[in-house]
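Open the viewer and get ready to click along. We'll begin with the whole chain and then pick out a few residues.

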Amino acid sequence: MSKWTCSEPYNTAYLEQTDQGLQVAPCCVADTQPYDHAVGLYDQPSLASVREQFEAGTVPDVCNYCVLNEKNGVPSRRQTCQEPVVNTVKNLEIHLGNYCNLKCVICRNRWSSAWRKDAQAMGLKTYDNFKFDPDSITADLNTVQWLHFNGGEPLFTDVHLDILARIPNPQQCSVYYNTNGTIKVKDSVFEVWSKFKLVKLVFSIDDVGDRFNYQRTNADWKQVEANMFWYRDVAPVNMMFGINRTISKLNEHHRTELDAWFAQCFPTNRLGDPNEFSEQLASGPCSLDSPVFDDYITRLDKLRQVSV
């Protein structure tokens, strides 16, 4: 690229409900800003400001996460999601809430309701449980061609189904989930998904075996692995899969083991289409450059009465 730019602010919007009200960003990895209910989704002042900064040749502060990934040699959202600019919201990303059945070590209560008790005990910031309100969507859903759900655990509640029911042309829309792999959906959900152009489940897998069990607290590797194989074997033919690895101090020296598992056990769907393998850097106490990691893990292990 001749300058640091990105197509996301021109094509995409991310919505997240917080204790401070509805927030908006140009994508799910960018920093959020308060939503202005006086204007529509594409015309949000914070999104317009990002576009103006790109056009002026400056890097917006809200894009710091992509800057960090690229600095560390990890493909960023900006680099992997470039597409022609359409100047409308064709890609809609929604944080469905913090309801989750896991309390992953790399996570926090903001993203997982299961973390609340531990966060209180450690003196960390806590959050009330919350779900996204589908009525807060002000975009023209006729233009949405790609819909992304994250959480929390998107399959832990039915909010995603409420939103899917509002898509007027499902045959033109692809749906993308980040899921922890612990939940097997009912046949009725498969029926809904079969109406869409494509549905992709991307499983959050950072490691294998006992290390997975430690890092993804409350999950069991053997069961999650079995669930992934089950989805691959029984899901509608319009479904594809992938894994997303968050790189942290917990797994930085064991990445080749997950690489090998993926290549051997989960390279394609049952029709032979290649599965996706993406990764990103952890933020917070478990990040690669965290100065508080050892103390944080010692306190957390003592609280949870576990050891690596």
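How much accessible surface does the chain have, and what share of it belongs to carbon and sulfur atoms? The chain's accessible surface comes to about 14,200 Å², and 49% of that belongs to carbon and sulfur atoms; such areas come from the Shrake-Rupley method with a 1.4 Å probe, and for residues only the protein chains shown count as cover.

A quick word on what you're looking at: this is a predicted model, where local features need pLDDT of at least 70 and side-chain atom pairs count only at pLDDT 80 or more, while totals for chains, interfaces and linings use all residues. Residues are numbered from 1 along each chain as its sequence is written, and side-chain values use heavy atoms, with hydrogens and water left out.

**The whole chain**

Switch to a cartoon view. You'll find eleven helices and nine strands, which are DSSP runs numbered from the N terminus (helices are H or I, at least four residues; strands are E, at least two). The radius of gyration is 19 Å, close to the 19 Å that the globule rule gives for 308 residues, so the chain is as compact as a globular protein of that length. That radius is taken over C-alpha atoms, and the rule is 2.2 Å times the number of residues to the power 0.38.

Of the 308 residues, 51% are buried (under 20% relative accessible area; exposed is over 50%, partly exposed in between, with a 1.4 Å probe and protein chains only).

**Trp-261**

Next, select Trp-261, which sits in helix H10 (residues 255–265). Is Trp-261 buried or exposed? With a relative accessible area of 9%, Trp-261 is buried. Now show its neighbours: leaving aside residues up to four places away in sequence, Trp-261 touches Val-208, Trp-221, Glu-225, Met-228, Phe-229 and Phe-266 (contact means heavy atoms within 4.5 Å).

**The cysteines**

Last stop: how many disulfides does a search of the whole structure find? It finds zero, a disulfide being a pair of cysteine sulfur atoms within 2.5 Å. Select Cys-27, whose nearest cysteine sulfur, that of Cys-28, is 5.6 Å away. Cys-27 counts as buried, at 7% relative accessibility. Then click Cys-66: its sulfur is 5.7 Å from the closest cysteine sulfur, in Cys-27, which is too far for a bond. Cys-66 is buried, with a relative accessible area of 7%.
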